[in-house]
Amino acid sequence: MDIKITTKHRSVDKGHFNYSNIESSFGVNTQYFTKNEEPFMMVTGEIHFSRLPKYRWRETLLKMKALGLNAISTYVFWNYHEEIKSEFDWSENKSVSDFLTICKELDLPVILRIGPWCHGEVVYGGFPKRIVRMKKIRTNDKKYLKEVYEYWEGVYKEVKPFLDGETIIGIQLENEYSGPVTHLKELRKIAEEIGFKTPFFTMTAWPTGIPDNDFLPMFGGYPDAPWTHGKKALKPNNRFAILPGKSAEEIGTDLIENNEIDEHSFKNIPYATCEIGSGVQPTQHRRPLINAKDGYGVGFAKLASGVNLQGYYMFVGGSNPNYKPMQESKKTGYPNNYPIIDYDFQAPISKYGDVREHGHMLRLLHLFATQFDEKFCTKQAFFPKWPSMDSNDVSFPRCSVRMDENESGYVFLNSYEKAIKFDDFKDVNVTIQTLNNTIYLPKIDVKAESMFFYPFNIIIGNNKFDYILAQPIAKEEKSNKIVCYFQEISGVIPYCVTNGKKIELPIDKDGILIDNVRIIVLPTEVAKTLYCFNDKVYFNDGNVWKDDNIIWCEKRTNDITDKFTLKKCNKKKLPYDYYLYSRGKRVYYELELPKNIIEDYYDIELHFDFEGLNLQVFSGDTIINDYFNIDKNFVMRLRDYKEYLNRNNKLTIKVVPKTKFGISNVFNDVEIPLYSNKLTLISAKQIVIKSIKS
């Protein structure tokens with residue numbers, strides 16, 4: 001199969017942007033972002049401080065850094081902080097000031113999404129009830145804007161010390177807004193009048209469709225769309241395709257009717273994202289299971305398609321507060337039903353802090369784009385002309401090239417799309433036609449369901465490589481040698497060509513020395529254990545993060561299941577029965593734990609086999625957790641519930657079955673048995689944390 005890509009670099013200039021109102025080390029041009037006037041690939045991930053216990057903020061942010069993120073984004077939900085007019089709550093895990101203090105200490109700049117409407121699957125999109133009752137919300141109505149002004153004044157008092165151009169580097173106004181941009185301009189005017197300063201005022205690019213020089217447009221896309229209607233598997237929709245278009249058609253369609261975007265309008269604007277879905281939150285009616293390739297695939301495709309601000313939603317899961325239902329539901333006039341508590345989102349980092357497989361995969365992608373090639377963001381994306389844009393067409397792999405004007409770059413290939421099956425492609429031959437040259441790349445086989453890239457015309461140390469048939473990850477200096485770490489590409493025998501010489505590359509941890517460059521090609525599973533701190537490479541197979549000069553590793557160890565008892569019990573009077581969304585028979589289980597058990601361990605992870613539809617977990621009559629079944633595997637870690645367990649060492653778990661008809665007739669990727677209430681404790685693993693010499 002021959003793939004031909006013709007390249008013609010567009011000119012890069014400062015642009016006529018008015019995103020900033022403060023001097024900062026962060027900047028932007030028509031192609032990429034800068035830091036201290038040097039190219040800067042920004043990788044951000046959404047974390048909601050108000051949905052995590054405060055004691056885990058620092059640890060979680062460090063885990064995000066360990067996964068290659070160099071910035072974060074977060075919502076400030078209005079109804080979390082000022083449900084009652086003029087009564088602000090910035091206590092405990094609602095303290096945005098304390099959260100930003102940690103971000104500043106850890107050198108993690110923040111994009112602050114202050115609404116006033118946020119969505120985030122929060123009731124009323126984060127609006128307090130008194131705002132919902134107003135007639136003209138999300139408009140330039142004077143009464144509404146007065147309320148916004150007073151709320152933002154309260155926010156400003158908390159965040160003012162961090163509006164230094166270096167800590168809060170972005171402020172998103174509104175979210176998924178479909179009205180006239182004049183409203184966004186009025187919101188910015190209010191924000192600036194209050195005193196908000198930032199290098200970037202941003203907006204979601206859907207569904208507005210027309211760029212405005214006052215706001216950096218941010219795009220997105222998800223591996224599935226659990227908010228869509230219907231109870232059948234979704235058709236393929238190029239969710240994982242490498243494409244020149246920036247928008248995803250499905251994003252926001254539960255709330256926005258018209259989601260058309262004029263792609264041509266965004267040509268001379270840096271490609272930035274705020275909602276690359278590395279997971280999805282299941283709804284009552286749709287339960288997609290996000291596997292590792294799903295969680296990795298959208299981010300891979302966006303990077304291959306030219307993104308230079310790689311922003312994920314959500315990167316860290318969380319939990320809603322339990323003092324009252326604060327989640328979006330049909331009962332509150334929104335189109336979807338969500339769990340009361342659970343907001344895990346199947347994210348790269350779970351709501352308990354566990355790094356999932358796609359988190360480890362994404363780390364390798366981020367290390368490449370920020371550490372292996374520090375000028376990757378200067379490389380523009382080019383695409384072949386395909387015979388079809390039909391997402392069901394599996395007759396060709398999706399492909400792109402990102403390269404600079406020196407004809408150095410990377411070829412990206414993808415043969416993965418959720419819900420359809422590609423065949424293997426034999427003898428794929430990529431040819432790149434530049435203005436002055438034709439670059440012939442080697443024939444390779446592209447395995448089905450693969451996503452990979454490799455470099456060409458790359459200079460490392462004293463060597464120029466025509467190409468290296470392996471996927472780059474990171475590099476470090478050792479004994480005056482440059483050590484480059486690569487990952488094997490499935491179905492491709494690794495070798496490189498330099499100075500007209502073909503050199504086979506072993507797949508091991510020793511590699512091969514070529515002049516002053518050692519190339520190490522790692523097996524895939526070994527590559528997933530690679531971390532990089534301060535340009536030094538480490539290997540470990542747990543959840544790893546670095547705090548000051550100490551590297552920590554978190555692992556599961558001893559099984560202590562025999563210390564727990566799970567048995568059925570009599571019916572109990574408990575709240576929130578409506579939010580179980582099933583007319584089937586309720587069954588109650590009692591989980592008994594040894595007294596003070598959490599005092600003896602860093603954490604404990606419980607795994608349950610669950611064949612029912614939904615469940616809720618109570619301490620006494622207080623709900624502390626819930627779960628919409630997506631994979632028959634309910635997981636719960638205990639340290640976040642320490643205060644409840646110290647008061648009462650027994651938990652009640654209330655479960656309901658899936659039924660054939662009615663509200664509990666739902667779509668699942670993993671089939672859930674009808675009428676079953678079965679819940680079984682499979683294991684209880686001790687979680688330990690140990691330091692690694694750095």
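Student: What radius of gyration would a compact globule with 694 residues have, and what does the protein have?

Tutor: A compact globule would have a radius of gyration near 26 Å, and the protein has 25 Å, so the two agree; the radius is taken over C-alpha atoms, and the globule rule is 2.2 Å times the number of residues to the power 0.38. This is a predicted model, in which local features need pLDDT of at least 70 and side-chain atom pairs count only at pLDDT 80 or more, while totals for chains, interfaces and linings use all residues. Residues are numbered from 1 along each chain as its sequence is written, and side-chain values use heavy atoms, with hydrogens and water left out.

Student: Why does Asn79 count as buried?

Tutor: Its relative accessibility is 3%, and buried means under 20% relative accessible area, with exposed over 50% and partly exposed in between (1.4 Å probe, protein chains only). Of the 694 residues of the protein, 63% count as buried.

Student: Which residues does Asn79 touch, not counting residues up to four places away in sequence?

Tutor: Asn79 touches Val122, Val123, Gly126, Phe127, Pro128 and Met326, where contact means heavy atoms within 4.5 Å. With Val123, the side chain of Asn79 reaches the backbone oxygen at 3.2 Å.

Student: What share of the contacts in the protein with a separation of 6 or more comes from residues 24 or more positions apart?

Tutor: Such residues account for 74% of those contacts.

Conventions: A polar contact is a pair of N or O atoms within 3.5 Å; within protein, one must be able to donate a hydrogen and the other to accept it, and residues adjacent in sequence count only if both atoms are side-chain atoms.
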